[in-house]
Amino acid sequence: MKEYIDVLKKWKDFDGRARRREYWMFVLFMAIFAIVASIICVFVGIYYLAMLLPMIAVSIRRMHDIGKSGWWLFITFVPVIGSLWYLFLTIQDGQPGSNQYGENPKGI
């Protein structure tokens with residue numbers, strides 16, 4: 001690990017020489033960190049994939065709460081403005097009482 005830190009400290013020094021140990025320890029730690037980062041990315045990717053349907057479902061229910069169709073989710077495909085408009089829709093208070101999508105979840 002000392003060699004790895006030493007190489008990072010000398011990141012702008014292109015003069016001189018590097019021993020085999022310095023080189024290979026740096027490559028070894030770099031490979032270990034890359035493998036760990038890849039594993040974390042895979043798990044994060046699997047998590048996001050597993051959460052895709054629940055996120056779509058809760059988003060549609062949120063649109064239903066304000067009296068909008070679930071198709072309003074597609075507004076997010078409009079660059080910038082679509083995402084801002086969707087954000088605006090999601091922060092609105094739900095419709096009081098019941099609407100065409102069911103009873104008010106607040107029970108009011």
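Student: How much space lies in the largest pocket?

Tutor: About 180 Å³. Keep in mind that this is a predicted model.

Student: Which residues line the largest pocket?

Tutor: The lining is made up of Val7, Lys10, Trp11, Asp13, Asp15, Gly16, Arg17, Ala18, Glu22, Tyr23 and Phe26.

Student: And which element gives the most to that lining?

Tutor: Helix α2 does, with three residues.

Student: Let's take Glu22 from that list. Where is Glu22 placed, and is Glu22 buried or exposed?

Tutor: Glu22 sits in helix α2. Its relative accessibility is 16%, and buried means under 20%, so Glu22 counts as buried.

Student: What is Glu22 in contact with, apart from its neighbours within four places in sequence?

Tutor: With those neighbours set aside, Glu22 has contacts with Glu3, Val7, Lys10 and Arg17. Val7, Lys10 and Arg17 also belong to the lining of the largest pocket.

Student: Are Tyr4 and Phe26 buried or exposed?

Tutor: Tyr4 and Phe26 are both buried. They also belong to one aromatic cluster together with Phe29 and Phe33.

Student: What about the rings of Trp71 and Phe74, why is that pair called stacked?

Tutor: Their centres are 5.4 Å apart and their planes are at 20 degrees. Planes under 30 degrees apart count as stacked, so the pair of Trp71 and Phe74 gets that label.

Student: And Trp71, buried or exposed?

Tutor: Trp71 counts as exposed, at 65% relative accessibility. Phe74 is partly exposed, with a relative accessible area of 46%.

Student: New topic, helix α3. How many residues does α3 have?

Tutor: Helix α3 covers residues 52–65, which is 14 residues. From its first C-alpha to its last α3 reaches 20 Å, close to the 20 Å expected at 1.5 Å a residue.

Student: Which residues of α3 are buried?

Tutor: Ser59, Met63 and Asp65 are buried in α3. They cover an arc of only 155 degrees around the axis, so they lie on the same side of α3.

Student: What is on the other side of α3?

Tutor: Leu53 and Arg61 are there, and they are exposed.

Student: So what do the buried residues of α3 pack against?

Tutor: They pack against α4 (81–90). Leu89 is a residue of helix α4, and Leu89 is buried, with a relative accessible area of 1%.

Student: What does Leu89 contact, leaving aside its neighbours within four places in sequence?

Tutor: Leu89 is in contact with Arg62, Met63, Ile66, Lys68 and Trp72. Met63 is also one of the buried residues of α3.

Student: How far apart are Leu89 and Arg61?

Tutor: In sequence they are 28 residues apart, and in space 12 Å, C-alpha to C-alpha.

Student: Last one: what follows α3?

Tutor: Gly67 follows α3, and the phi of Gly67 is positive, near 85 degrees.

Notes:
Residues numbered from 1 in each chain as written. Predicted model: local features only at pLDDT ≥ 70, side-chain atom pairs only at ≥ 80, totals over all residues. Heavy atoms only, no water. Helix = DSSP H or I, 4+ residues; strand = E, 2+ residues; numbered from the N terminus. Expected span 1.5 Å × (residues − 1). Buried < 20%, exposed > 50% of the residue type's maximum accessible area, 1.4 Å probe, protein only. Arc of directions from axis to C-beta. Contact = heavy atoms within 4.5 Å. Phe/Tyr/Trp six-rings, centres within 6.5 Å; stacked < 30°, edge-to-face > 60°. 1 Å grid on protein atoms, 1.4 Å probe; cavity = no way out; pocket = protein on both sides within 12 Å on 5 of 7 lines; lining within 4 Å. Points joined across faces, edges and corners; volume = space filled by probe spheres on them.
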